[in-house]
Amino acid sequence: MATTPDKNPQCVTAAVREESDERIQSRQDEEEKVIIAAWYSMSLTEGSTSSSQAQSFLAQQRLSTQARRSLGLTPRILPR
């Protein structure tokens, strides 16, 4: 009794692995887009003062996020 290609466990496993890899790549692409958008947005909204140049990008992100949250502009993201 021969198995059909769509019922072959190796084909199914390969298809699941490929789908998982595509999801991971898609997630990484989305994360990269968000980081780039945040960097660009922050560069437009904040002037180039000596104090902001002395801080890392992530430190500036934390400060701007805290400022928005204190104004009530950004809802808190709850952990899953």
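Trainee: How many helices and strands are there in the protein chain?
Mentor: The protein chain has 3 helices and 0 strands, where helices (H or I, at least four residues) and strands (E, at least two) are DSSP runs numbered from the N terminus. This is a predicted model: local features need pLDDT of at least 70, side-chain atom pairs count only at pLDDT 80 or more, and totals for chains, interfaces and linings use all residues. Residues are numbered from 1 along each chain as its sequence is written, and side-chain values use heavy atoms, without hydrogens and water.

Trainee: What about the chain average of pLDDT?
Mentor: The protein chain averages 75, and 70% of the residues score at least 70.

Trainee: Now to contacts. How many salt bridges does the structure hold?
Mentor: It holds 1 salt bridge, meaning a side-chain nitrogen of Lys or Arg within 4 Å of a carboxyl oxygen of Asp or Glu. The side chains of Lys33 and Glu30 form it, at 3.8 Å from N to O.

Trainee: Where do Lys33 and Glu30 lie relative to each other?
Mentor: They are 3 residues apart in helix α1, so about one helical turn separates them.

Trainee: Is Lys33 buried or exposed?
Mentor: Lys33 is exposed, with a relative accessible area of 53%, while Glu30 is partly exposed at 43%. Buried means under 20% relative accessible area, exposed over 50%, and partly exposed in between (1.4 Å probe, protein chains only).

Definitions and conventions: pLDDT = per-residue confidence, 0-100.
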